[in-house]
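Open the model in your viewer and keep the selection tool ready. The tour below goes stop by stop.

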Amino acid sequence: MSTSQVGNASTKASPHVLVVDDANVDRFIASKLLQRSNIRVTAVDGPKQALKVLDEENDVKLILTDYCMPEMTGYDLLMAVKESPELKHLPVVIMSAESIPSRIKECMDGGAKEYIVKPIRATDIARILSYI
């Protein structure tokens, strides 16, 4: 389990995004792309850790999560967020290496703002940030 703060933590005006992905490379790339847009990032490697961060920090403005992870999926995290009175306002964007129409529909019907097929690209960032 790893948690990392990426970006300039002293910049309080920067929006705070929680990145959730069990793959180190994907987590790193998403974090770096967000950081280039002056976003403060907390990166964790799973949904259970993400829920812990959300319980401890009240300034997260958006969750960017992978779909396929051990123990809980990104959809499970989405459902936990949407069922929580304290968290349900948070926009959630799901990422996955697989473009499965039924999965995309399930996530969008569940309240995800978007479903992005990996790899995440610099051109995706402005659109993702528009949900904040």
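Start by selecting glutamate 114. With a relative accessible area of 11%, glutamate 114 is buried; buried means under 20% relative accessible area, exposed over 50%, and partly exposed in between (1.4 Å probe, protein chains only). Before moving on, note that this is a predicted model, where local features need pLDDT of at least 70, side-chain atom pairs count only at pLDDT 80 or more, and totals for chains, interfaces and linings use all residues. Residues are numbered from 1 along each chain as its sequence is written, and side-chain values use heavy atoms, with hydrogens and water left out.

**Salt bridges**

Glutamate 114 forms a salt bridge with arginine 127, and the closest N and O atoms are 2.6 Å apart. The term means a side-chain nitrogen of Lys or Arg within 4 Å of a carboxyl oxygen of Asp or Glu. Glutamate 114 is in strand S6 and arginine 127 in helix H5, so the pair ties together parts 13 residues apart in sequence. Helices (H or I, at least four residues) and strands (E, at least two) are DSSP runs, numbered from the N terminus. Arginine 127 counts as partly exposed, at 34% relative accessibility.

By this rule, the count is ten salt bridges. Select aspartate 26 and lysine 118 next. Their side chains meet in a salt bridge (3.0 Å, N to O). Aspartate 26 sits in helix H1, and lysine 118 in the loop between strand S6 (114-117) and helix H5 (122-129), so this pair ties together parts that are 92 residues apart in sequence. Lysine 118 is buried, with a relative accessible area of 15%. Aspartate 26 counts as partly exposed, at 25% relative accessibility.

Go on to aspartate 59 and arginine 40. Their side chains meet in a salt bridge (2.1 Å, N to O). This pair links distant parts of the chain, 19 residues apart: aspartate 59 in the loop between H2 and S4, arginine 40 in strand S3 (residues 40-44). Arginine 40 counts as buried at 8% relative accessibility. Aspartate 59 counts as partly exposed at 27%.

**The cores**

Which residues have the most contacts inside the largest nonpolar core? Select Leu18, Val20, Leu54, Ile63, Val81 and Ile94; the core has 22 residues. Such a core is a set of buried Ala, Val, Leu, Ile, Met, Phe, Trp, Tyr and Cys residues joined through side-chain atoms within 4.5 Å. At least two of its residues come from each of strand S2 (16-20), helix H2 (47-56), strand S4 (60-66), helix H3 (74-82) and strand S5 (92-96). H3 supplies the largest share, five residues.

Zoom in on valine 20. Leaving out residues up to four places away in sequence, valine 20 touches residues including Val44, Pro47, Ile63, Leu77 and Met95; contact means heavy atoms within 4.5 Å. Another core, of 17 residues, lies apart from the largest one and has Leu33, Val41, Met95 and Ile125 among its members.

**The surface**

Finish with phenylalanine 28, in helix H1 (residues 24-35). Is phenylalanine 28 buried or exposed? At 51% relative accessibility, phenylalanine 28 counts as exposed.
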